Amino acid sequence: MSDPSAGTGSRTDLPRTDLPRTDLLRGLEQQVGVMIRRIRRVLRERAHAVHPELPTSSYLMLSWLLQHGPQRASAMADAFGIDKGAISRQVQHLVDLGLVDRTPDPDDGRATLVSAGATAVGRMTAVTAERRRWLDERLGDWSEEDLTTLVELLRRYNLALEEHPPERETS
């Protein structure tokens, strides 16, 4: 009999609920490990779809800029938890690839804002559309209820693992 916590992804290969908590946590760690490896591979592929010389970390930074709009390097350093020197090097590489623009900050002429350039916006939009089409194709037999449940469980999982979780209200 195969290991039930390994999972093949089929609907009949659901986790057993009669396992001890330790085994369930081990199964969770295994499945999260599979998901992390898959995410790393997919991010690498998406980065290369945007530009063949785009590293994964810069793809993530570019995605973040698209989501948050023009930002100072200091805000990017805070968001990514890395020093401004590393941000500066990545931004320069993105500028060299023609994917980001630097403009003076209208609130402080001494500061610079970094934003996704038109080329990046177009390529990232295309990659995002393809990613969603691919995901919808793979999860086509999942009901909206299944997807809602997965989204909610992942949200709860991520909140539970936050370094500084939000304060819980007491009644």
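## Strand pairing

Strand E1, residues 100-105, and strand E2, residues 108-116, run antiparallel and are joined by six bridges. The link between E1 and E2 is a hairpin of two residues. This description rests on a predicted model.

Threonine 103 has leucine 113 of E2 as its bridge partner. Aspartate 105 stands opposite aspartate 108, which belongs to E2.

## Overall make-up

The protein contains six helices and two strands. Read from the N terminus, the order of elements is α-α-α-α-β-β-α-α.

Of the 171 residues in the protein, 24% are buried. The exposed surface comes to about 12500 Å², and 54% of it is supplied by carbon and sulfur atoms. Among contacts between residues at least 6 apart in sequence, 46% join residues at least 24 apart.

## The largest nonpolar core

The largest nonpolar core has 22 residues. Within this core, the residues touching the most other members are Val50, Leu54, Tyr59, Leu62, Met76 and Leu99. At least two core residues come from each of helix H1 (21-50), helix H2 (56-68), helix H3 (73-80), helix H4 (84-96), strand E2 and helix H5 (118-138). H2 gives the largest share of the core, with five residues.

## Packing of H2 against H3

Two packed helices are described by the angle between their axes and the distance between those axes. For H2 and H3, the axes come within 12 Å and cross at roughly 115°. The crossing of H2 past H3 is right-handed.

On the H2 side, the residues that meet H3 are Leu60, Met61, Trp64 and Leu65. Their counterparts in H3 are Ala75, Met76, Ala79 and Phe80.

Methionine 76 lies in helix H3. It is counted as buried because its relative accessibility is 0%, and the cut-off for buried is under 20%. Leaving aside neighbours within four places in sequence, methionine 76 is in contact with Met61, Trp64, Leu65, Gln71, Ile87, Val91 and Val114. Three of these contacts, Met61, Trp64 and Leu65, are also listed among the H2 residues that meet H3. Methionine 76 and methionine 61 are 15 residues apart in sequence, and their C-alpha atoms are 8.1 Å apart in space.

Alanine 77 is also found in helix H3. This residue is buried, with a relative accessible area of 8%. Apart from neighbours within four places in sequence, alanine 77 is in contact with Ile82, Asp83, Lys84 and Ile87. Ile87 is also in contact with methionine 76. A separation of 9.2 Å lies between the C-alpha atoms of alanine 77 and serine 88, which are 11 residues apart along the chain.

Histidine 51 is placed in the loop between H1 and H2. Its relative accessibility is 14%, so histidine 51 counts as buried. With neighbours within four places in sequence left aside, histidine 51 is in contact with Leu97, Leu99 and Arg123. Leu99 is one of the core residues that touch the most other members.

Serine 115 lies in strand E2. It counts as buried because its relative accessible area is 15%. Leaving aside neighbours within four places in sequence, serine 115 is in contact with Pro70, Leu99, Val100 and Asp101.

Terms used
Residues are numbered from 1 along each chain as its sequence is written. This is a predicted model: local features need pLDDT of at least 70, side-chain atom pairs count only at pLDDT 80 or more; totals for chains, interfaces and linings use all residues. Side-chain values use heavy atoms; hydrogens and water are left out. Two strands pair if DSSP finds at least two bridges between them. Helices (H or I, at least four residues) and strands (E, at least two) are DSSP runs, numbered from the N terminus. Buried means under 20% relative accessible area, exposed over 50%, partly exposed in between (1.4 Å probe, protein chains only). Contact means heavy atoms within 4.5 Å. Accessible areas come from the Shrake-Rupley method with a 1.4 Å probe; for residues, only the protein chains shown count as cover. A nonpolar core is a set of buried Ala, Val, Leu, Ile, Met, Phe, Trp, Tyr and Cys residues joined through side-chain atoms within 4.5 Å. Axes are lines fitted to C-alpha atoms, for helices over the stretch in contact, and angles run from 0 to 180 degrees between N-to-C directions. A crossing is left-handed if the near helix is turned anticlockwise from the far one by less than a right angle, and right-handed if clockwise.
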